[in-house]
Structures are given as C-alpha cells and as structure tokens.
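Reader: Before we start, please take me through this structure one feature at a time, and say how each term is defined.

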Amino acid sequence: MVKKIKKLLPLRFKLFILYLFTKIITYIFIKIYNVEDIVLFESFDGRQYSDSPRAISDMLHKLYPNYRQVWAINQDLKNNINFPNYIEVIDRKSLYFYKYLAKSFCYIKNTEFYDILKRKDEQFFIQTYHGDIILKKIL
C-alpha cells in the first residue's frame, strides 16, 4: 500500500503544479487582455474538428463572417485536419490557448468545463454536449 502511495505522490504533485500553473496563467491573461470579437472552439478536448462546435462554426461564418474563429486542437492533429481558410488553429496545450481564452467573447465546447476556466463578465461559455454524461453522473 505504501509503495502505491509513493508511486502516486509524484503524479499527484505534478498534476497539482499543472493545475496551479494554469490557474495563475488564466488569471494573468484575463487581467492583461481585453475581450475581442473572437470565438474559441474546441471539440472533444482538441481531438476532433466535428460535432456541434463545427456546425456552430459553419453557421457563424455564414451569418457573421467578421468574427474571428479560433479552434483549439491537439498539436499532433493540427496537420491532419483540413480547416477552412477563415479558421485559425492553435495548439490546445499552449499559452496561445489561454491567451485566446482570455480574449474571446465566446468559448464553445462539447465536453465539460473545469473550474480552471475563469471568465470576465462580458464573456460566455457554451457547452454543447449531449445528455448522456449527466445521466451517467446521476446513475
């Protein structure tokens, strides 16, 4: 039992440091940057360019082409997906993600939001996942 705890301790410590770092970076970026006409999208934690965020992105471009659209994608998938010209692609695990998170007036995602993500009063987050996650939590 003690060996298992000793193995998990470094991992938990690393996760705590990562959590603390992202909290500090998010707080600093929110204080530095002003909200602009940017919409930040993420689908399945940066693993895909699909589902409801993609449909919203396509319709948003048709209705409001002057909004900048930024997609957060995992770095290993950036070159494998063909994005339209109007979409800017950033690495989900980079400082650019937190920069655009602080600058965007809307963040659209189809998975859970975490407490790391703080927002300004003029920002809003849209969560588009379907009801099965909630049912799994209840059951």
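Predicted model: local features only at pLDDT ≥ 70, side-chain atom pairs only at ≥ 80, totals over all residues.

Reader: How many helices and strands does the protein have?

Author: Helices (H or I, at least four residues) and strands (E, at least two) are DSSP runs, numbered from the N terminus. Here there are four helices and five strands. Their order along the sequence is α-β-α-β-β-α-β-β-α.

Reader: What share of the residues counts as buried?

Author: Buried means under 20% relative accessible area, exposed over 50%, and partly exposed in between, with a 1.4 Å probe and protein chains only. By that rule, 35% of the 139 residues are buried. Contact means heavy atoms within 4.5 Å. Among contacts with a separation of 6 or more, 57% are between residues 24 or more positions apart.

Reader: What is the accessible surface of the protein?

Author: Accessible areas come from the Shrake-Rupley method with a 1.4 Å probe; for residues, only the protein chains shown count as cover. The protein has about 9500 Å² of accessible surface, and carbon and sulfur atoms hold 59% of that.

Reader: Which residues form a nonpolar patch on the surface?

Author: Patches are made of residues with over 30% relative accessible area and no salt bridge; like charges are joined within 9 Å, and nonpolar side chains (Val, Leu, Ile, Met, Phe, Trp, Tyr) within 5 Å. The nonpolar patch here consists of Phe 13, Phe 16, Ile 17, Leu 20, Ile 24, Tyr 27, Ile 28 and Ile 32, and together they have about 800 Å² of accessible area. One of them, Ile 24, lies in helix 1 (residues 2–32) and is partly exposed at 45% relative accessible area.

Reader: Helix 1 also holds Phe 29. Is Phe 29 buried or exposed?

Author: Phe 29 is buried, because its relative accessibility is 13%. Leaving aside neighbours within four places in sequence, Phe 29 touches Leu 95, Tyr 98, Lys 99 and Ala 102.

Reader: How many salt bridges does a search of the whole structure find?

Author: A salt bridge is a side-chain nitrogen of Lys or Arg within 4 Å of a carboxyl oxygen of Asp or Glu. The search finds five. One of them joins Lys 103 and Glu 36 at 3.6 Å, N to O. This pair links distant parts of the chain, with Lys 103 in helix 3 (residues 95–103) and Glu 36 in strand 1, 67 residues apart. Lys 103 is buried at 10% relative accessible area, whereas Glu 36 is partly exposed at 34%.

Reader: Which residues are linked in a network of salt bridges?

Author: The network links Glu 42, Asp 45, Arg 92 and Lys 109. Within it, the side chains of Arg 92 and Glu 42 meet at 2.3 Å, N to O. Arg 92 is in the loop between strand 3 and helix 3, and Glu 42 is in strand 1, 50 residues apart. Both Arg 92 and Glu 42 are buried. Asp 45 and Lys 109 form a salt bridge at 3.6 Å, N to O. Asp 45 is in the loop between strand 1 and helix 2, and Lys 109 is in strand 4, 64 residues apart. Asp 45 is buried at 18% relative accessible area, and Lys 109 is buried at 2%.

Reader: Where is Asn 74 found, and what does Asn 74 touch?

Author: Asn 74 is in the loop between strand 2 (68–73) and strand 3 (87–91). Asn 74 is buried, at 14% relative accessibility. Not counting residues up to four places away in sequence, Asn 74 is in contact with Asp 45, Gly 46, Arg 47, Asp 91, Arg 92 and Lys 93.

Terms used:
Residues numbered from 1 in each chain as written. Heavy atoms only, no water.
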